Amino acid sequence: MNLYDKISILGPSARYDTCGPKDFGQTTDIPGVYNAKTSNGNVCRLFKVLQTNNCLNNCNYCAFRRDRDSARTTASPDEMAKAFESAYSRRLVDGLFLSSGLDNQPDATMDKMLATANILRKQYNYRGYIHLKVMPGTSSAALDATIDIANRISLNIEAPTEESLAVLSPNKRLKSGLLHTLSLIKSKLKSRKFNGKKIPSLTTQFVVGAGIETDKELVKATKFLYDNFKLQRVFYSAFRPVSGTPLEDHEPVSITREHRLYQTDFLMRFYNFAPVEIPFDNSGFLMDSIDPKTLWANLHPEAFPVNLNTATYFELLRVPGIGPQAAQKLVKIRRESPIKSFYSLHGLRLQIDKMSRWVTV
């Protein structure tokens, strides 16, 4: 199998790993190149690929589970580095997202990924973005090497509880496996001296809806991860059934559910909402029909109307239609002179129609 044929398999194989608030899918004729939206709204063209799609694990939802019949291949570190450099030198990609199936012991798998990154850094003198997926159970030495070379590190938690993880991945353990490795990464990032080098960011991903977890459990676990492991991002991937797996007849999860979880994530990170303030239905799920911030406002009439001239920054953030940028803009405007009418706000790119129900001047 030539290198192009290998990448044609290993590139699309990586689509199950989420690398941004929303992957936009493959956007070029080069297999493995995807557009991902970054947290600041820009689009990054990632060479998103697996080192190998061979795997010893038998995860019930995964297209590359051990017992599923599918095309398998592996790219050597030299081959993978050459494939990326070919695309990067032609300005077709902006960075590398390298993951892998677990085809051997965790360190043996990580060694191939690290070798790829080292070839790019040392042989091709590549200084750009590298995101490396960490295998659960990776040793301390391999984690040190990963931290030295990567700009971003991620380890997929997959599920918020042991019970839900058992439905997804019978071979994995949450506390003794995934969270243990995450704890090692955290301690190393905290104790290491980077001497001016930017500290690698740390992320994780949940598979939404393949297990038995509720949205409430996902939100609680997300807050726990942010507070205890200082993650930069938690990503959510709506489950899609794959033929030839034990969950092939499981219903696909709506994109709306994934979207509501991202909205809730933003409420906790940027809007000062606590998990206990997030409104769930009686079964512990977010509402499809209304976003959680608007639902919270409907349930708390005592908090409104909010006076645009006197409200604090975080009180403004509680208003549907007002986000961080809008709140900062309103605070700046009223510093110069009081806001006397909604009419005076026209032309400032504010969602006046949406927020007017909840505010006064």
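**Entry 1: Thr 116**

I started with Thr 116, which counts as buried because its relative accessibility is 0%; buried means under 20% relative accessible area, exposed over 50% and partly exposed in between, with a 1.4 Å probe and protein chains only. Before going further I noted that this is a predicted model, where local features need pLDDT of at least 70, side-chain atom pairs count only at pLDDT 80 or more, and totals for chains, interfaces and linings use all residues. I also jotted down that residues are numbered from 1 along each chain as its sequence is written, and that side-chain values use heavy atoms, with hydrogens and water left out.

Thr 116 belongs to helix α3, residues 106-123. Helices (H or I, at least four residues) and strands (E, at least two) are DSSP runs, numbered from the N terminus. I then looked up which residues Thr 116 contacts, leaving aside neighbours within four places in sequence: they are Gln 51, Pro 77, Met 80, Ala 81 and Leu 98. Contact here means heavy atoms within 4.5 Å.

**Entry 2: Thr 73**

I found Thr 73 in the loop between β3 (43-50) and α2 (77-89). Thr 73 is buried, with a relative accessible area of 8%. Not counting residues up to four places away in sequence, Thr 73 touches Met 1, Lys 6, Ile 9, Leu 10, Thr 52, Asn 53 and Asn 54.

**Entry 3: aromatic rings**

Next I turned to rings of Phe, Tyr and Trp (its six-membered ring), which pair if their centres lie within 6.5 Å; planes under 30 degrees apart count as stacked, over 60 as edge-to-face and the rest as tilted. By this rule I get 12 aromatic pairs. Phe 206 and Tyr 236 are stacked, because their ring centres are 6.3 Å apart and their planes are at 25 degrees. This pair links distant parts of the chain, 30 residues apart: Phe 206 is in strand β7 (residues 201-208) and Tyr 236 in strand β8 (residues 233-238). Phe 206 is buried at 0% relative accessibility, and Tyr 236 is buried at 2%.

I also looked at Phe 224 and Phe 229, an edge-to-face pair at 5.9 Å centre to centre, with 75 degrees between the planes. Phe 224 is partly exposed at 40% relative accessible area, whereas Phe 229 is buried at 8%. Elsewhere, ring pairs join Phe 47, Phe 84, Tyr 88 and Tyr 126 into a cluster.
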